[in-house]
Amino acid sequence: MTLVSDLAAGKKRAAWESLWQSKGESGELLLGDWTVWPAASPSSPDALMDAARRALPRTAFFLPGLDRYLRGSDQEVGDRVARVLRETLSDPRRAPILIVATIRSGPLQELRLVSGKFPHAKLLVEGSEIRVPDEFSLEEMARASSSEDPRVAEASVRAAKDRYVVQYMLDVHDLQTRVDKASIIEGAILQWAIKARRLGNGCWLTRELLEKGTSASLHQKVQHIVGESGFDKAFAELVRRGPGGASVMIERDTLVLNDSRGPSYRLDDYLERRYVAGATDPVTLEPQLLQVLVEAADDSSLAPLAGQCRKRGLLYWAMRFYLRAAEGGDRSARLKLAEMLGQAGRVDDALDQYRYLADERDTEALILAAETLIAAGRNQDAVEWLKGMTEKRHDRATVLTARALERMNRHNEALCLYRELAERGNAAAAAVAADLMIDSVEGLARSAIIDEIVEWLTSLADRCGPSVVELATELLVDNQQVDSAMLRLKDYATSGRTYAWLLGAKVLFSQGRSQLALAWCQAAVKHKVAHAAAFAAKINAQLGLAEIAGEYALMAAEAGTPEALVEVGNVHAEKGLAEYALQCYGSAVDRGHMQALARIAEVYATEGKSDDSFKFYRQAQRAKCAPPASVIAAFLCDAGRVREAFEWYFKVLSDISNPDVIVSISDYLLIRKDESALSWDAVRFALVGYMKAAKVARPQAVTWLAEGLIRAGEEEARASVKQYDGKLDVPEVPSQKLVAAADLLNDAAIDGDVSARMKLVKLLARLNRHVEACRHLETIKKQTTVDVDVDMTISLAGQGKADEAMARLWSQLKKSNTKAVAPAAMFLMRHNCSDAAIEVLERGIELGDIESHLRLGDLKRFKRRYVDALDLYLFALLHGHPDAAARIRTLFTFNEDHHAQRDLRRYGITLDGQISEPWSVAADPLANQ
């Protein structure tokens, strides 16, 4: 049994109590007469191996911090420890043996990453993991707040926001206190580290970077306290371990890593999770922050930092990061910089970057530069750029040159190049040349030119291969000259180009002349044309001649094409001939085509034979060709084996923690597709299957399953609005799966699950069922201490109760709480309370709420106040709002401000959210940036 969590979560105590508190049905201690090792403090890996080798039956190994034994300084020793423990567990002479261990997710993942070389650690833990939640559920929070233990009660209050009660009782309370009471320099270091991380810097930050950033961020009036001694004291305090062993920042051992850059630091896991991964507030961007990162960020962080800046429209700063990386020898960074400049319409600047690489004889850079020029319509420049490579008969350069000439309507010159390429054996160029020749004539002359092209193409057969003969044949067939095409093919075939028999068979079969096609196929097989037997097998199968098809498929397999058996099997499967299909797939497997195992598993699933399907799925897994597990589960559900499908599906998946695994099979949780009514039998099977696989209680399983339905509904909603891409006024049509998820959560809420009820409230708001949401909020308020103020405000606004909603909003805004502003404002707008909505949005903007910027921007756009809307959208873009860029593109289609649109595209935005003035590509900083 291995307890796993991301953070400290009480695993050790839970494991220890499981050894001494587990009781049987009659109340006796289950492990009362067992020997527990070690009896006292943790021991060494060698001592553990010795104890395991000498272990007697009814021995329990208590191994908190399992990674201490399995991934210490010597990985080979750790793997040896795991092997000995596995041997002990599997030795029937020592049974029963119990291992109770704890480990965090990070070390566990590291063990899995090295399992190729050191497999035993992964194999030891595999299948024994029990996930311990890092945070309390809402129900557990309610119990903790009323606990008689004052430490638990205090921790529940302090952890009200993130529900990390255990962590607060151990390390978090100490860490948070130290963060809150940090000195000026310590606080500045922390804030700067958090900003750098959120902008894309790696988790490790050098001391040089932290000192420079901190010095730049502190005001001049406190600069006198910043010095080497001041930093020494600050870093000493930040890495000091508290009573639980945690420190605010963790220092990396530079001696072990042989790192010449000096000491590096990262945030504690809890602080990283709370202030970086879980942060929702916008990052305040200052020039000095980005300037220091440009100068001192780690090389590996430069490209991610550039990407973040590019995402936020900060093209100037993205350029600076890319340029510094490029000057450090990062070729990919220079290519990304050139790509960014090209997409911004700054073609000459992009060419400068490509030219830098081209001077080093980087042919890929030359090609990319030419593609950039052609995309910008500068075709003559592309021709000049590629001239040297084209003269040296470089194929890709010649193709691009021909394409550029074609776009300049210099068709004869382009045709000459394409024909030259075709003469060199380039079949694709031959096809383009043929199209150009056809397009050059009209009317009756087209038939004559087709004959000329066909003759030319067939003359290339020895250089370009059968594909040009196939192309010539297609031209004749498309020109209604099927008989002429067949005569030519027969001539080719009888003159030694036997592949023409197969081409003819394909033409005849496509024209519905099956008997002739079979005859040509037989001739192709007789002359041992490659893939002829496979095609013969396929058409015989489609014609219902199963035995003949099987003979040809076996012949193809013996010739080295076992895929033919699978193709024939697929035809049989489509016709419902499962027995014939399985025979074909089995023969393919016997001949080494292991991918056929996947089809065997699928066909058995469609037949409802779950055991056989699972058996061949496992074989396909071992052969690394298994189909998605959701495909097997779906086929089984279609065959009426819903219980087996869900139970197996959750058991076979390596990670079921993510509710996304429900999306692909969510249809089977409903009575009928596209209807909201749940199939409660299917739901019950899914819950039982998940509870067994994940070892969780029913409330957690219900919430997880509902979340999966919600995600499936969101995916359907996104797909349904693709036709409105780029538009703002998209009709919102909730997926029926969201309604079904609400029913599922409501069922859990009736059973008293507070967490499910809170999720239900948020979902009901999305479904505009605000009266129901309000009723559930009242229940939560009566039964728990959970703060429902924000959700109640949104619910009241959704019901059109403007006065009550506004009173709550102003109360929250006084506390700088903007969570309800944007959603409540939108609901108020729907109830014709636009003045009140605008007023709260403006206050939300004053407090820095990015969603308020976007929503007020929408309102301004509706009123045709495009300049104001653009300012708001640009600010949202600057702070990384995912929808801001699309809003800006749409806005420009309304206001037709092409100058602003061009400047925004070329230069991006500044740190105050305005369209940037022109800037040049250089390493020197700009004063206005």
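A: Before we start: helices here are DSSP runs of H or I with at least four residues, numbered from the N terminus. Keep in mind that this is a predicted model.

Q: Okay, where is Ile548 found, then?

A: Ile548 is in helix 32, which covers residues 546-558.

Q: Why does Ile548 count as partly exposed?

A: Partly exposed falls between buried, under 20% relative accessible area, and exposed, over 50%. Ile548 has 36% relative accessibility, so it counts as partly exposed.

Q: What about the inside: which residues have the most contacts in the largest nonpolar core?

A: Those are Met249 and Leu293, in a core of 279 residues. Leaving aside residues up to four places away in sequence, Leu293 touches several others, including Trp192, Leu209, Phe321 and Arg324. Apart from that core lies another, of 26 residues, with Ala55 and Ile99 among them.

Q: How do I read backbone angles, and what is the phi of Arg393?

A: Most residues other than glycine have a negative phi, and most peptide bonds are trans. Arg393 has a positive phi, near 65 degrees, and sits in the loop between helix 21 and helix 22. Glu896 also isn't a glycine, yet its phi is positive at about 55 degrees; its loop runs between helix 50 and helix 51.

Q: And which residues does a cis peptide bond join?

A: One joins Trp37 and Pro38, with omega about -5 degrees. Another joins Ala95 and Pro96, with omega about 0 degrees. Pro38 is in the loop between strand 2 and helix 2, while Pro96 is in the loop between helix 4 and strand 4.

Note on methods: Residues numbered from 1 in each chain as written. Predicted model: local features only at pLDDT ≥ 70, side-chain atom pairs only at ≥ 80, totals over all residues. Heavy atoms only, no water. Core = buried A, V, L, I, M, F, W, Y, C linked by side-chain atoms within 4.5 Å. Buried < 20%, exposed > 50% of the residue type's maximum accessible area, 1.4 Å probe, protein only. Contact = heavy atoms within 4.5 Å. Helix = DSSP H or I, 4+ residues; strand = E, 2+ residues; numbered from the N terminus.
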